[in-house]
Amino acid sequence: MNVTHLYCSACGKSYEPGKLYNLCDCGKPLMVAYDLKAAARTLTRESLAGREASLWRYREVLPLDDERNKLTLGEGMTPLLKAERLGSNLGLSNLFIKDEGVNPTGSFKARGMAVAISMAKELGVKKLAVPSAGNAGGALAAYAAKAGIPAFIFMPGDTPKANIIECRQTGAHVTLIDGLITDCGKIVAERKEAEGWFDVSTLKEPYRIEGKKTMGYELAEQFNWELPDVIIYPTGGGTGLIGMWKAFDEMEQMGWIGSRRPRMVTVQAEGCAPIVKAFAAGATSGADVPDAHTVAAGLRVPKAVGDFIMLDILRKSGGTAVSVTDNELLAAVKEIGSAEGIFAAPEGAACLPALKKLLDVGEVDRGDRIVLFNTGTGVKYLESFS
């Protein structure tokens, strides 16, 4: 194991590895630190050629100690597809889509849960709980089933039906709540001690981000170790954005890439855009959004625990934050599908109208190499298209 310690993303406090943690004592997310010199002795760019086509190919920079605790359904190494027709329609010659919808359970959430639940198994967790707007619940249910650990999932009552069915059919205990994901989170927080649950909420434990960061490793590998100019990413809790940024730093320390970074762009729905508003206001954290609403369930996160990290990344990278309407993102599902054959989730499709807005105001150059992230499959959202 190359983990040296865990550290707080806000106050910097250090924690011993190999133990169960949620948030730092100061209430902010914990991150995992590695001995990257040790990792780089066996994990090299050249060594990847013969490794398994899953996120576990980056084993030396993942936190698991004992290989016997590794849970996998084949997550990671998703395709990076050149969007020729869509790009041509927009006058772009270097537009790509990273399609996370082909992951197990149909979304990028499989990455985070594969690593988090493997660690939960390793560290002796007996019961798992999570608030979820949909796809995180489905991923938790699947990997908890694989691990043989009971899972308790709390979802808003209007969560897409496919997500609810998926969780129940993979053995989870599902409770539907009249409220938002933040209300579900409060229930988990209030009951976890009495129930003996370990809370695997977004950024409230340190290991989901380690699975998500592999998107950054994959992008670098798929682009032959030259990062794109712009990454446009749909953001609810923001773990993927934060994870990729962490991956870029780790790769630089191992000598795989240089110091140049992509401009990171957060995309949110107009009905729930705390990061967009905070970015525009020059704030360092987002305000809670009352009456948050959008058909893109994964973007309906009124207050993200890692908002201050996301805002810092957007500014450091020279990026920005853009909001789009539900009508725009739903129309984009069909536009992407008819041009590229990808049935994108509404969250992923939101990247397209965001890109158009950035092109219109000159914040993205038509010669840039641009990656849109489709975070899940549209099959989960059939009610949105009726």
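These legends describe close-up views of a predicted model.

**View 1. Helices α3 and α4 pack against each other.**
Two packed helices are described by the angle between their axes and the distance between the axes. Here α3 covers residues 109–122 and α4 covers residues 135–147. The angle between them is about 40 degrees, and their axes are 9 Å apart. The two helices are therefore oblique to each other. The crossing of α3 and α4 is right-handed. On the α3 side, the contact is made by Lys-109, Ala-110, Met-113, Ala-114, Ile-117 and Lys-121. On the α4 side, Asn-135, Ala-136, Ala-139, Leu-140, Tyr-143, Ala-144 and Ala-147 take part. What kinds of residue make up this contact of α3 with α4? It divides into 10 nonpolar, one polar and two charged residues. An α-helix has 3.6 residues a turn, so residues three or four places apart point the same way. Look for that spacing along each helix.

**View 2. Helices α10 and α11 also form a packed pair.**
Helix α10 spans residues 274–281, and helix α11 spans residues 307–316. They pack at an angle of about 55 degrees, with their axes 10 Å apart. So α10 and α11 are oblique to each other. How does α10 pass α11, in a left-handed or a right-handed crossing? The crossing is right-handed. From α10 come Ile-275, Ala-278 and Phe-279. They meet Asp-307, Met-310, Leu-311, Leu-314 and Arg-315 of α11. This contact holds six nonpolar residues, no polar ones and two charged ones.

**View 3. Tyr-15 and Tyr-21 form an aromatic pair.**
The model has 11 aromatic pairs by ring-centre distance. In the pair of Tyr-15 and Tyr-21, the ring centres are 5.2 Å apart. Their planes stand at 70 degrees, and the pair is edge-to-face. Are these two tyrosines buried or exposed? Tyr-15 is buried, at 11% relative accessible area. Tyr-21 is buried too, at 14%.

**View 4. Tyr-58 and Tyr-217 link distant parts of the chain.**
The ring centres of Tyr-58 and Tyr-217 lie 5.1 Å apart. The planes are at 35 degrees, so this pair is tilted. Tyr-58 sits in the loop between α1 (36–42) and β4 (80–82). Tyr-217 sits in helix α8, residues 214–222. Tyr-58 is buried, with a relative accessible area of 0%. Tyr-217 is buried as well, at 0%.

**View 5. Thr-105 and Asp-291 have positive phi values.**
Most residues other than glycine have a negative phi. Thr-105 is not a glycine, yet its phi is positive, about 65 degrees. Thr-105 is found in the loop between β5 (95–99) and α3. At 17% relative accessible area, Thr-105 is buried. Asp-291 is likewise a residue other than glycine with a positive phi, near 55 degrees. The place of Asp-291 is in the loop between α10 and α11. Asp-291 is exposed, with a relative accessible area of 62%.

**View 6. Helix α14 is largely enclosed by the rest of the structure.**
Helix α14 runs over residues 351–360. Why is it called largely enclosed? Seven of its 10 residues are buried. These are Cys-351, Leu-352, Pro-353, Ala-354, Leu-355, Leu-358 and Leu-359. Gly-362 follows α14, and its phi is positive, near 80 degrees.

**View 7. Gly-376 is a buried glycine in the segment after β13.**
Strand β13 covers 370–374, and Gly-376 lies in the segment after this strand. Gly-376 has a relative accessible area of 0%, so it counts as buried. Which residues does Gly-376 contact, leaving aside its neighbours within four places in sequence? They are Gly-101, Gly-106, Ser-107, Phe-343, Ala-344 and Ala-345. Gly-376 and Ala-349 are 27 residues apart in sequence. In space, their C-alpha atoms are 9.5 Å apart.

Terms used: Residues are numbered from 1 along each chain as its sequence is written. This is a predicted model: local features need pLDDT of at least 70, side-chain atom pairs count only at pLDDT 80 or more; totals for chains, interfaces and linings use all residues. Side-chain values use heavy atoms; hydrogens and water are left out. Axes are lines fitted to C-alpha atoms, for helices over the stretch in contact, and angles run from 0 to 180 degrees between N-to-C directions. Helices (H or I, at least four residues) and strands (E, at least two) are DSSP runs, numbered from the N terminus. Angles under 35 degrees count as roughly parallel, over 145 as roughly antiparallel, 65 to 115 as roughly perpendicular and the rest as oblique. A crossing is left-handed if the near helix is turned anticlockwise from the far one by less than a right angle, and right-handed if clockwise. Contact means heavy atoms within 4.5 Å. Ala, Val, Leu, Ile, Met, Phe, Trp, Tyr, Cys and Pro count as nonpolar, Asp, Glu, Lys and Arg as charged, and the others, Gly among them, as polar. Rings of Phe, Tyr and Trp (its six-membered ring) pair if their centres lie within 6.5 Å; planes under 30 degrees apart count as stacked, over 60 as edge-to-face and the rest as tilted. Buried means under 20% relative accessible area, exposed over 50%, partly exposed in between (1.4 Å probe, protein chains only).
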